[in-house]
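Hi everyone, thanks for coming along.

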Amino acid sequence: MGELGFEPRIVALCCHYCAYAAADLAGALRLQYPDTIHVVKIPCTGDLDVRDVLDAFESGADGVMIAGCMEGDCHYQTGNVRARKRVDRTRQVLAEAGVGGERIRMYHLSSAMGARWAEVAREMDAHIRQLGPSPLRATARRPSVET
Amino acid sequence: MSSANNGLRTESRLERVLHSGQFAVTAELGPPKNADPAIIRQKARLLHGWADAVNITDNQTAIVRMSSIAAGKLALDEGLEPIIQMTCRDRNRLAMQADILGAYALGLRNLLCLTGDHHSFGNHPQAKNVHDLDSMQLIQMVVGLRDRAAFQCGEEIKGVAPRFFVGAAENPFADPAEFRPLRLGKKARAGADFVQTQLVYNVPRFREFMARVCDLGVDKQVYLLAGVGPLKSVGAAKYMRDKVPGLDVPNEIVERMEAAGKGIDDKKAKAEAAKRVGIDICVELIQQMREVPGVAGVHIMAIEWEEAVAEIVQRAGLAPRPNGSAAQ
Amino acid sequence: MIVAEQKPLEEIRSLIQGAEKVLVVGCGTCVTVCFSGGEKEAGILASALRMASRVDGRPQQVTHAVVQRQCEWEYIDAVRDEVREADLVLSLGCGVGVQAMAERFPEKIVVPGLNTAFMGMPVEQGVWSERCQACGNCLLGLTGGVCPIARCSKQLLNGPCGGSVDGHCEISVDTDCAWQLIYDRLKAQGRLELLLEIQPPKDWRTSRDGGPRKIVREDLRLNPTGSI
């Protein structure tokens with residue numbers, strides 16, 4: 001149960017090669033992590049489209065996490081490096097829009113790190129609980145159908 | 001008064017001194033950041049008799065000050081021989097020519113043609129940058145007004161044409177270093193009569209520059225005055241060494257300035273000691289300049305320290321100036 | 001290419017203040033390749049404006065559309081319907097695009113979302129540098145292909161000035177001295193004698209100084225009925 005009866009809605013965009021595999025492994029190992037995290041698989045964090053992140057927030061997400069390969073180990077060489085810069089930019093947009101730049105975070109994992117996945121999931125959940133619901137929660141709309 | 005006789009192009013006193021082969025001395029007067037003529041008169045009195053001509057700066061470092069021509073006229077009335085400075089930064093060719101006509105009508109006879117520091121350095125960085133002409137083209141224009149009695153557009157000047165003794169500046173230590181003597185040659189071909197250099201503290205490097213200038217024969221085409229200036233403090237020395245583009249201040253000089261205040265606790269006495277050494281160094285530099293082939297004089301830049309000029313000129317053995325340097 | 005960057009969000013918000021239905025119009029050419037006003041940027045901006053207006057408690061409806069080229073009548077006519085629906089058009093075109101939109105739809109309030117900065121090129125991904133000032137009388141043949149009108153801070157034709165040090169301009173260590181570049185280029189080509197010629201004053205009439213410019217090509221014009 002969250003503070004003030006608030007259950008966070010967190011979207012986790014996970015890269016196929018590392019982060020998603022780690023999340024999958026966590027599941028196989030029956031490791032517990034909060035069900036507030038909704039995992040979405042993307043081919044590589046380098047494919048991250050800022051519009052998808054903003055769309056998540058407009059639809060009522062309280063937080064978004066981007067999870068990719070360890071630095072230097074991206075399956076596509078520099079995808080996660082591009083992603084980091086894109087995340088920084090998105091953070092700025094969210095801050096300027098008044099939603100809060102702290103609501104987006106990036107994590108790096110390898111496919112073998114099932115336990116680490118559970119750990120970051122718990123960390124993100126706790127972080128968003130602390131921040132409280134997104135200021136857009138009150139006026140959330142349906143997700144766009146474009147993507 | 002007659003002009004263009006005895007090999008002279010103009011009525012300039014400075015030209016007369018240089019033409020006679022005597023080692024010339026010019027100094028600098030910075031106009032105030034206000035409209036008070038008394039400040040000009042006061043500075044003029046400090047410099048009177050110690051230089052053959054005095055540069056009146058033009059919005060130096062792009063900071064607004066009383067105009068060079070106005071201050072120059074005030075200085076002229078105090079008996080100085082002013083060298084008006086004109087940058088390309090603040091005026092287009094119309095304003096320049098209008099100012100040149102007016103300056104001549106007021107009795108001014110020397111004009112230094114400059115590019116001008118970029119206005120982003122000054123107190124009005126939001127201004128529009130003019131640069132209609134560059135310094136090379138300005139030199140050509142002023143020479144054309146004199147020698148062809150024609151405006152830049154080609155139109156003939158009917159009546160009195162302005163006949164200025166035309167100066168240019170050069171920085172021996174700017175880049176590309178190997179091009180600088182050639183560029184000086186270009187200014188000579190553009191018609192410059194005299195050249196003042198940026199401050200020189202590194203004499204060996206300056207000698208190399210002058211050797212190349214002489215090889216090119218440019219020392220025969222223009223009168224070259226080497227820039228010198230007394231350092232006021234070790235802070236000033238370090239600032240010039242580290243922060244001013246194109247200035248070469250050797251470490252030995254900075255160290256001498258540093259050593260000046262050693263062992264003195266009283267702030268005022270320490271500052272005075274530094275000033276003494278600053279003047280000593282300036283005098284030594286002038287003495288060295290007199291031995292460099294191709295150098296026809298020195299340009300003493302005692303920025304906001306006009307009082308120092310008298311002592312420097314005397315100790316360098318350059319006093320009295322010919323005919324007392326009073327413009328008649 | 002024309003290089004522009006987005007205005008700060010705060011400024012854009014003040015420009016669209018009070019409008020209920022805002023249409024963000026991007027452009028598929030220059031501003032797309034400098035990542036300031038293309039499809040993605042228009043989408044991101046529309047989203048940011050919607051979110052900001054909701055956080056403020058005064059939600060605005062912000063939609064977006066993109067035209068291939070915002071500086072040509074035929075292309076901007078494609079969004080005529082969307083424009084009609086909106087109270088206000090936020091153009092992410094360069095200054096030309098904004099004006100074309102405003103002229104084509106004179107009854108609509110059209111505001112700029114970008115600051116059009118200069119004509120330049122990406123010297124590396126993410127870095128654009130000014131290269132051309134449209135002086136109207138190209139002299140690049142004299143300077144080894146480096147433009148002193150665009151790249152010299154003082155627009156010298158007989159440079160460098162005395163402030164050139166270590167290859168950079170006196171105004172900043174991040175700004176190349178154009179004349180050092182010219183010197184290096186001509187030296188490498190064995191054509192330094194070009195620098196010994198005194199270049200005369202520029203005729204600025206072909207520049208903006210001569211007044212707003214126009215080019216007419218009679219060989220390309222058609223009269224209204226389409227006949228020659």
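Let's begin with chain B, which has eleven helices and eight strands; helices here are DSSP runs of H or I with at least four residues, strands are E runs of at least two, and both are numbered from the N terminus. Its radius of gyration is 19 Å, close to the 20 Å that the globule rule gives for 328 residues, so chain B is as compact as a globular protein of that length. For that radius we take C-alpha atoms, and the globule rule is 2.2 Å times the number of residues to the power 0.38. Along the principal axes, the C-alpha atoms of chain B fill a box of roughly 65 × 45 × 45 Å.

Before I go on, a word on ground rules. This is a predicted model, where local features need pLDDT of at least 70, side-chain atom pairs count only at pLDDT 80 or more, and totals for chains, interfaces and linings use all residues. Residues are numbered from 1 along each chain as its sequence is written, chains are lettered from A and ligands numbered from 1 in the order in which they are written, and side-chain values use heavy atoms, with hydrogens and water left out.

Now chain C, with eight helices and seven strands. Its radius of gyration is 22 Å, well over the 17 Å from the globule rule for 228 residues, so chain C is more spread out than a compact globule. The box filled by its C-alpha atoms is roughly 65 × 55 × 25 Å along the principal axes.

How do the chains meet? Two pairs of chains touch, and the most contacts are between chains B and C, where contact means heavy atoms within 4.5 Å. Chains A and B do not touch, and their nearest C-alpha atoms are 28 Å apart.

Let's stay in chain C for its sheets. Four strands make an open, parallel sheet in the order β3-β2-β4-β5; strands count as paired if DSSP finds at least two bridges between them. At the edges are β3 (61-67) and β5 (109-112) of chain C, each pairing on one side only. Neighbouring strands of this sheet are turned by 25° against each other on average, direction ignored. Inside it, β2 (residues 21-27) and β4 (residues 88-91) of chain C pair in the parallel sense over four bridges, and C:Val22 stands opposite C:Leu88 in β4(C).

Which helices pack on this sheet? Helix α3 (residues 39-55) of chain C does, touching β2, β3 and β4 of chain C, and its direction makes about 170° with that of β3(C). Helix α6 (residues 95-104) of chain C packs there too, touching β2, β4 and β5 of chain C, at about 175° to the direction of β5(C). For these angles, axes are lines fitted to C-alpha atoms, for helices over the stretch in contact, and angles run from 0 to 180 degrees between N-to-C directions.

Chain C also has an open sheet of three strands, antiparallel, in the order β1-β6-β7. Its edge strands are β1 (2-6) and β7 (127-132) of chain C, and the twist averages 70° from one strand to the next. Strand β6 (residues 114-124) of chain C is joined to β7(C) by five bridges, and C:Gly120 stands opposite C:Glu130 in β7(C).

Over to chain A for a moment. There, six bridges join the parallel strands β1 (residues 10-15) and β2 (residues 37-42) of chain A, with A:Lys41 as the bridge partner of A:Cys14.

Back in chain B, the axes of α9 (residues 251-260) and α10 (residues 267-289) come within 8 Å and cross at roughly 145°. The residues of this contact divide into seven nonpolar, one polar and three charged; Ala, Val, Leu, Ile, Met, Phe, Trp, Tyr, Cys and Pro count as nonpolar, Asp, Glu, Lys and Arg as charged, and the others, Gly among them, as polar.

The peptide bond from B:Asp175 to B:Pro176 is cis, with omega near -10°, and B:Pro176 sits in the loop between β5 (165-170) and α6 (180-190) of chain B. Another cis peptide bond joins C:Gly159 and C:Pro160, with omega about 0°. Finally, B:Asn59 has a positive phi of about 45° although it is not a glycine; look for B:Asn59 in the loop between β2 (53-56) and α3 (68-77) of chain B.
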